[in-house]
Structures are given as C-alpha cells and as structure tokens.
Amino acid sequence: MSRFTKSRSLIPIVAILLVPFTSSAHADAHTTIVKSGGFTTKLSAIPHRIISLSPTATENLFAIGAGPQVIAVDSLSNFPKNAPMSKLSAFTPNVEALAAKKPDLVILSVDSTNSGATRKALELLKIPVLMEKAPLQLADAYAEILAIGQATGKVVAAKAVIAKMKNAISRILASARKSTPISFFHELDSTLYSATSETFIGHVYSDFNLVNIADKAQGADASGYPQLSAEYLVTANPQIVFLADAQYGENMKTVSNRPGWSGIDAVKNVHVISLPDDIPSRWGPRLVDFYSFIAGAIKNIN
Amino acid sequence: MSEQNQTPMPLSRMWSWRITFAAALILLLVVVMGLSFGPISINFQRILRTLLGLPGSLEGQDRTLLLYLRLPRVILAGLVGAALATSGAVYQSVFRNPLADPYLLGTAAGAGLGATLAITSSHANIYSLLPLFSFIGGVLAVLVTFFISGRFFAEPNSLLLSGIAVGSFATAIQTYLQQRHSNALRPVYSWILGELTAANWTVVRWSAIYILLAIAVLISISKQLDGLMLSDEESFSLGINPNRLRVIAVLAATLATATAVSASGLIGFVGIVVPHLVRGITHRVTNRSLATIAMIGASFLVLADLGARTLLSPAELPIGVITAFVGAPFFLFVLRRKRVSQ
C-alpha cells in the first residue's frame, strides 16, 4: 500500500527515505478479551513479561499473585517493596524504552501524557496494552482488580482479594461511621486545592458521614478538584483538616500560622490530620488501610 | 524559481551555494543519526538497507519501530524545524525586528487556547482533535490581530502591539479553562513545552503539505523580501509592492507556524536561533539563504528531538526544554558578539 504522495519536496531526504510498508494482523483462537479504562485488550496467551506503568496496577498485580509475571514497574511504583522498580516513567512513557524490555503486556494509565499515542504505538509493535483509569468510586477500583485478574489468568485470586476488601471496609464503616455529620477540609496543597465529594477520595470521606466543605465549590473544576479561597475556608470553619500535603512539609504547626486559621475549629481542637504518603492515591488493596487510617483518626472527634 | 539576478558577484553566489549544499549534507547526516539512535539499538547497516529498500532489511518489531515510530518522528521534527526557522527569518525581515519570532502575532497563544479547548472539551479522543483545534486557534488569532491593527502594514508596530494584546487575551481564556479543568493541566503543560511523541504518518502527511507549500512560497518571494529592508519608497522604485509582499509573506509564514504548532506544540527559540546563526555564517541579509535556514532549522530540531528521546531515557524530555536550553545561551552569545562588533 502506498503511504505517501510523492510530492516534490524541498527536503530531498524525505524522498530518499520513502519506502514501501507492510503490516499484518494476527489472530488467535484462544484470545482473552479484557475491558478496562474504556478500552479493550486482546491477549492471545497469559502474559509473563508485564510492565506496569501505574502504582495502583502494580499493587493489584502483586496482591492477586501475578507478581512473578511482572518484569518492570514504573519509577513511582514503590509498593510492594519487591516490585521490580525501574526508571520507566508513568507520566511520559517512552515507547522504545518499553519495547526494549520485550514485554508481552503493558499496563498504561489513561491519564499519562499522550496515552492514546503511546497505546497505538505499542499496539503497532504487537505489544498488548491494558488501559487503567483513575476510579471514581470503590466499584471502579474493584473492576480494575478484576480486569487485571482476567488479563493475568488470576481471576479467582482477584475475586478473593475483592471480597476480602469489601468485607474489611464494611466492617470498618460499621464501627467508625459518624452518626452526626462532621465538616472537614481535604488539603491537596498549601494553595488550598481540594477534592469534592465527586472524587474517589471524596467518596471515602462521605462513607464516614463527613461533610466536605469543598462541595460548595462544586462545578468550579470539571474533575472535582477546585481551588478554594482562603476567606471561604476560614468562614466555612471545618472541624477536621486532612493534610494530603503532609509529605511536602505541611503540618499542624504550619497551618496554624496561616492568617485566620487559628480561629478554625479544626486548628483550635488540634484536629489537623496528616495523611500518610501514597496510600490515599493507591486504589488497590491498600484502600482498606486508608479506610482504617481515617477510622482511627476521627475516632475521638465528635 | 526564475532567476532575475541582481547580484553581480558570482564568487559570492558560489559561496552561497556551497553553504546550501553543506546544509543539505548536515541535514542528511543528522537524519541518519536520528534514525540510528534510540533506547533500542538497531544494527546500522540494516537500518540503511531498510531505508533504501535493499535486501537484508529489518524485520518484525525492529522494522515497525524504525518505519512507524522513528521515521515519522524524525521527518516531523525536520518539517517543524524548517517551518519555525523559515517563518522566524521571514518575520524578522518583514517587521525589521531581529527579535521577531514565529509566535509573534498571537499564533502561540491562539493555538494554545485551541489546544486547551480540545483537551478540556472532549474526553476520549483528545489528541486526534488537538492539531485541528490548535491550527484553527493559531490562524484565528493572527486574523484577529490583522483585523484589530486596521490598515495592515501601514505601521508594522501597531500590528506587533495588537498581536501582543490578542495573545494576552487568548492566554487569559486558556488559563481560565485550565483552572476549571485541573485534569487538563498536565497535557496542556506538556503541549506548551512541545512534544513530538505523537508523531505518526498521518500527522506527517498533512503537516508536510502545508509546511512545504508555505516554505516554497516564501523561497519564491525571498529575493523581493530583501527589498523590504529598504524604505517603502525605495522598494516601490524597485518594482516591489511592499504591502502586498508583506501580506503574502506573513500569511505563508503563519501557515507554516500554525501547522508546526498544531503538530508539535510550542517549540521555542528555533525561529530566532537558526536564522541568526545562518546569517552569521553567510553574512547575508536573510532571504537568499532561506533554503539554508530551512535545512539548518530541520537539522537543529531533529538533533534536539534525538536528545529529547535519549537524554532522560527511558523517560521523554520535552523538546522545548532542549531548544531553549541550547537556544537561549546561544542567542545571548550572538547578541553580545553583535554589540562588540558594532
């Protein structure tokens, strides 16, 4: 098939390099079809050289016992400790660098830069790609674990992990859910970016009957991460402040020094909670840990 | 191109052709380098055999990698580099301003707004619409700039100023959209820094049409463009209609820029560095070396992209970071040398 119009070019090299191209499709009788992240993945065999470019997918793979099938994970996949962490970037994946490792499955986040082009390029190289999307609620997180189970031939184990998570989370909520609502502010960074109840993390808080002060700014950001004004925050007077930016140096002391914050209930009553690193943004089996962390943190707040 | 030669200096013309030939050799060399290096090492001989269609060519994954990933990317880098360098040179002589760059008349901000609209409004196929949106955005911004400045080139400065105003306005809307769609922050940011990661044959094909057409137009009027360095009265006396010429030049340069921007985002400094470099070597006003400028621009960007692919490997480095990192100090050097020589 001719892929070019042989126009007279000003750059002679273009003409020299014109060559005929061929491509072939390959189908197999034993194909597994997995739907994930809004895309369909076809696998002709159980993959044994998996590259995960998503910390959540990495945790899922190892939780369902597919760890030995993984040859490399991205530079942010720091859990579990025995995951083969590499310098591969989850944000700006380089197709050639991925192909160099000869993978038979790449798990790619829909949110990575140019994920569409990366997926197409990998598929050109006959490397199957499983797309992973940030979940909006627990059901999505479970669906992802199941999809990874289907892709790796570990469906039974995946279902067991999901059942265990469901169980643990409902047990935590049964004892820790507040009977009367309590207002809170979830701080993403010191410029007061927050997350509304429409986001995944927002759903977690709602499960505990906590009331999100960022919900008033719903609609300010399409994906549910608005920036609040300092004035609004002080007048909203949250009873709890969760610091997702604790790993960047924010704590009880730094927030109480902010203008106006000393009058906020959360600060007066020392209900400023530093969230652990990573766990709030890992939507795999460690969600249980996150639920139990929140349960412990709000236990004595009424 | 018809020869209506006005330079009675055959020696100097010889020299100019030699430089053009050297530029073509450099481009060829750089393209072969760009195709040969990458995170995966492929046998060099087999690369050449594959490209020339000789027996013993690459097969399977390596072949796909070379022909569908590296080759379109290298060609796109070349096209974008040629477009930015050529239009930069043309803007500089049309506006008689050595600091003029291809993004001058609001092109960058308009294209940025278009790209942001594409990223924030559609959910699934963002990148298939992005080039179209940024192209329309860039061209619209330039048209608005023309419209506001009223009488086209009665006063080049008023055109520059309305370009700045239109640019600021488009940037304001873009920032507002980004604020409303925080999930678009990273894709927009990476687009602004420039990227060739999405290169494929479809992009190469349509951008080649516009860019080569625009460059051909610019080269064909390049001799007359030199006349613009004179006063308008003097140009008239040489049989040049300066305003008509300026409109054609700016439109062609804008078409090339808008295409480059929509294919690869905002890649800075090529449009300033390359024309100044070539002028420094050829000691020509600008326009007779336009073909040389195009080829050196192409070489510069192919090299920069090679860096983008390999320096931080296995991650990608935004190509705009490389061009500015090399371009800014170089630019200062040229500026300083000029002042010293004056």
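Modeller: Axes here are lines fitted to C-alpha atoms, for helices over the stretch in contact, and the angles between N-to-C directions run from 0 to 180 degrees. Helices (H or I, at least four residues) and strands (E, at least two) are DSSP runs, numbered from the N terminus. The model is predicted: local features need pLDDT of at least 70, side-chain atom pairs count only at pLDDT 80 or more, and totals for chains, interfaces and linings use all residues. Residues are numbered from 1 along each chain as its sequence is written, while chains are lettered from A and ligands numbered from 1 in the order in which they are written.

Biologist: What makes helix 4 of chain B roughly antiparallel to helix 7 of chain B?

Modeller: Helix 4 (residues 107–121) of chain B packs against helix 7 of chain B at about 150 degrees, the axes being 10 Å apart. Angles under 35 degrees count as roughly parallel, over 145 as roughly antiparallel, 65 to 115 as roughly perpendicular and the rest as oblique. The angle therefore puts helix 4 of chain B and helix 7 of chain B in the roughly antiparallel class.

Biologist: Which residues of helix 4 of chain B meet helix 7 of chain B?

Modeller: B:Gly112, B:Ala115, B:Thr116 and B:Ile119 meet B:Pro187, B:Val188, B:Trp191 and B:Ile192 of helix 7; a contact requires C-beta atoms, placed from the backbone, within 7 Å. By class, this contact has 6 nonpolar, 2 polar and no charged residues. Ala, Val, Leu, Ile, Met, Phe, Trp, Tyr, Cys and Pro count as nonpolar, Asp, Glu, Lys and Arg as charged, and the others, Gly among them, as polar.

Biologist: Why is B:Phe269 called buried?

Modeller: A residue is buried if 20 or more other C-beta atoms lie within 10 Å of its own, exposed if 12 or fewer, and partly exposed in between, with C-beta atoms placed from the backbone. B:Phe269 has 22 such atoms within 10 Å and is therefore buried. B:Phe269 is placed in the loop between helix 11 (242–264) and helix 12 (270–282) of chain B. Its phi is near 75 degrees, a positive value in a residue other than glycine.

Biologist: How is A:Asn237 classed, buried or partly exposed?

Modeller: A:Asn237 has 15 C-beta neighbours inside 10 Å and therefore counts as partly exposed. A:Asn237, in the loop between helix 8 (230–236) and strand 9 (240–243) of chain A, has a positive phi of about 45 degrees although it is not a glycine.

Biologist: Where in chain A is there a cis peptide bond?

Modeller: The cis bond joins A:Phe79 and A:Pro80, with omega about -10 degrees. A:Pro80 belongs to the loop between strand 4 and helix 3 (95–100) of chain A. Most residues other than glycine have a negative phi, and most peptide bonds are trans.

Biologist: What makes strand 4 and strand 6 of chain A edge strands?

Modeller: Two strands pair if DSSP finds at least two bridges between them. The open sheet of chain A has 4 strands in the order 4-3-5-6, with parallel pairing. Strand 4 (70–73) and strand 6 (129–132) of chain A each pair on one side only. Strand 5 (residues 105–109) of chain A pairs with strand 6 of chain A over 4 bridges, and A:Ser109 stands opposite A:Glu132 in strand 6.

Biologist: How many residues of chain B are in contact with chain A?

Modeller: 43 residues of chain B are in contact with 34 residues of chain A. Helix 3 of chain B gives the most to the chain B side, with 10 residues. That side divides into 28 nonpolar, 11 polar and 4 charged residues.

Conventions. Contact = placed C-beta atoms within 7 Å.
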